[in-house]
Amino acid sequence: MADLIDTLMEEHLHILMVLCAVERARGDRPGEPPPRVDVLEAAAEFLRDHVDGAHHPKEEDGLFAAMEAAGLPPSASPVGCMLKQHVRGRELVESMSRALDGPHRHQPEHAEALRLAAGEYVRVLAPHIQMEDFVLYPLARRVLGQPALDELTRRLVEPAAVAAFAAAARRIDELTRRAP
Ligand SMILES: [Fe+2]
Ligand SMILES: [Fe+2]
């Protein structure tokens, strides 16, 4: 059975799917509005509800907290850096949401703010995921051991929520294949 770390890694694949959609949707021409605001709107909702709402809490309150309890404080591992990147990610999602909200959303400066925040989000989160998959999670496996991971899995992993996470990411991927 998949444990907490397997689940987090599966969620990473779905987050990367959404980051690819964001990168295509934001466009790459400075000063021009993003070509697919509909995709960025759906992505911002996914990042807020599923990444900040479900993935990061499983790391912060589950895995990282257990690592600290096992004697590895955030300052002595990549966890401290990961926590700062979670905070920056939340700020950028907030910036995206602000740029998408309200009557001024089609004004050029709001469109450019959206494009820039979306781009920085991808540049923060893609390497963040690599660091977790290849450095932090293997370290967590060694520090915690399987019985502690199994206990965290029972407490934190809800199969229905994991399925909803994957389905939401696939919907955004499909949206990019449809005409705006
Ligand atoms: Fe993380
Ligand atoms: Fe993660």
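## Helix α1

In this predicted model, the 23 residues of helix α1 should span 33 Å at 1.5 Å a residue, and the end C-alpha atoms are 32 Å apart, which agrees. The expected span is 1.5 Å times one less than the number of residues in the helix. Helices here are DSSP runs of H or I with at least four residues, strands are runs of E with at least two, and both are numbered from the N terminus. Gly27 follows α1 and has a positive phi, near 75°.

Asp6 is located in helix α1. This residue counts as partly exposed, because it has 14 C-beta neighbours inside 10 Å. A residue is buried if 20 or more other C-beta atoms lie within 10 Å of its own, exposed if 12 or fewer do, and partly exposed in between, with C-beta atoms placed from the backbone. Asp6 and Phe46 are 40 residues apart along the chain, and their C-alpha atoms are separated by 20 Å.

## The chain as a whole

The chain has six helices and zero strands. Its radius of gyration is 17 Å, close to the 16 Å that the globule rule gives for 180 residues, so the chain is as compact as a globular protein of that length. The radius is taken over C-alpha atoms, and the rule is 2.2 Å times the number of residues to the power 0.38. Along the principal axes, the C-alpha atoms fill a box of roughly 55 × 30 × 25 Å.

Of the 180 residues, 31% are buried. Among contacts with a separation of 6 or more, 79% are between residues 24 or more positions apart. Two residues are in contact if their C-beta atoms, placed from the backbone, lie within 7 Å.

## Helix α3

Helix α3 covers residues 79-100, which is 22 residues. From its first C-alpha to its last it reaches 31 Å, close to the 32 Å expected. The buried residues of α3 are Val79, Met82, His86, Leu92, Val93, Met96 and Ala99. Seen down the helix axis, they fall within an arc of 145°, so they line one face of α3. The arc is that of the directions from the helix axis to the C-beta atoms.

The cover over these buried residues includes α2 (37-69) and α4 (108-144). Gly102 follows α3, and its phi is positive, near 80°.

## Nonpolar cores

A nonpolar core is a set of buried Ala, Val, Leu, Ile, Met, Phe, Trp, Tyr and Cys residues joined through C-beta atoms within 7 Å. The largest one has 27 residues, of which Val18, Val22, Leu40, Ala43, Phe46, Met96 and Ile172 touch the most other members. Two or more residues each come from α1 (4-26), α2, α3, α4 and α6 (159-177). The largest share, eight residues, is from α2.

Apart from its neighbours within four places in sequence, Ala43 is in contact with Val18, Ala21, Val22 and Ile172. A second, separate core has twelve residues, including Leu4, Ile5, Met67 and Ala140.

## Gly53 in helix α2

Gly53 is part of helix α2. It counts as partly exposed, because it has 13 C-beta neighbours inside 10 Å. Gly53 and Pro138 are 85 residues apart in sequence and 24 Å apart in space, C-alpha to C-alpha.

## Numbering and confidence

Residues are numbered from 1 along each chain as its sequence is written, while chains are lettered from A and ligands numbered from 1 in the order in which they are written. In this predicted model, local features need pLDDT of at least 70 and side-chain atom pairs count only at pLDDT 80 or more, whereas totals for chains, interfaces and linings use all residues.
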